[in-house]
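Subject: Structure handover

Hi,

Here is the structure I promised to pass on. Please have it open while you read.

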Amino acid sequence: MTAEFLVAAHALAYLNRKKCCVSSEELASTICTNPARIRKIMLKLKNAGLIETQSGKTGGYILTKAPEDVTLGEVAAATDGEIVDANWRPGNPHEDCLVTSEMGQVMDTVLAGLNKACFSYLAGITVKDIDRKLLFVNKKKQPRYNTGK
């Protein structure tokens, strides 16, 4: 999983809270990244039908679906495609050793199973669920400082 998934989930939660058109600059500020990265990731969400864009001076991004209808599985599919991936495989398929020649293929099967389980789990979590969890966590927080007012 890349950080794109995390950025996308944060952006969707923010769009849900704002309920209006939000610029890439505003999203970048709240997510603590740069606007170019936001635009790249938001294009993927737009292509997946999760958001719409408005151009112009007051343009930006809008959540197009109800938050209870947007799952983290959809977000993961739009951004990463795979949750668990290894960019290196052990062994060498051209060796005579059974373990050395077949371990990469066996691990590919393990990773495919992990991805299936992860997508199944993420399909059960919506942007609305994230919003509820954010509100719950916020209620439990102690004030960071006292303004004296």
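Below are notes on confidence, then on the salt bridges.

Confidence first. This is a predicted model. Mean pLDDT for the chain is 90, and 94% of the residues are at 70 or more. Where pLDDT is low, the predicted coordinates should not be read in detail.

Now the charged pairs. Side chains of opposite charge can pair when their charged atoms come close. How many salt bridges does the whole structure have? The search finds seven. Three of them are described here, including those of aspartate 131, lysine 44 and glutamate 26.

Aspartate 131 and arginine 17

Aspartate 131 sits in helix α6, which covers residues 127–140. Which residues does aspartate 131 touch, leaving aside neighbours within four places in sequence? The answer is Asn16 and Arg17. With arginine 17, aspartate 131 makes a salt bridge, and the closest N and O atoms are 2.6 Å apart. Arginine 17 lies in helix α1 and aspartate 131 in helix α6, so this pair ties together parts 114 residues apart in sequence. The two side chains are also joined by a polar contact of 2.6 Å.

Is aspartate 131 buried or exposed? Its relative accessible area is 6%, under the 20% cut-off, so aspartate 131 counts as buried. Arginine 17 is partly exposed, at 48% relative accessibility.

Lysine 44 and glutamate 4

Here the closest N and O atoms of the salt bridge are 2.7 Å apart. This pair, too, links distant parts of the chain: glutamate 4 is in helix α1 (residues 3–18), lysine 44 is in helix α3 (residues 35–47), and they are 40 residues apart. Glutamate 4 is buried, with a relative accessible area of 12%. Lysine 44 is partly exposed, at 26%.

Glutamate 26 and lysine 18

Glutamate 26 forms a salt bridge with lysine 18, with 3.1 Å between the closest N and O atoms. Both ends are partly exposed: glutamate 26 at 28% relative accessibility, lysine 18 at 36%.

One network also turns up. Salt bridges with shared partners join Glu4, Lys40 and Lys44.

Best wishes

Conventions. Residues numbered from 1 in each chain as written. Predicted model: local features only at pLDDT ≥ 70, side-chain atom pairs only at ≥ 80, totals over all residues. Heavy atoms only, no water. Helix = DSSP H or I, 4+ residues; strand = E, 2+ residues; numbered from the N terminus. Buried < 20%, exposed > 50% of the residue type's maximum accessible area, 1.4 Å probe, protein only. Polar contact = N/O pair within 3.5 Å; in protein donor to acceptor, adjacent residues only side chain to side chain. Contact = heavy atoms within 4.5 Å. pLDDT = per-residue confidence, 0-100. Salt bridge = Lys/Arg side-chain N within 4 Å of Asp/Glu carboxyl O.
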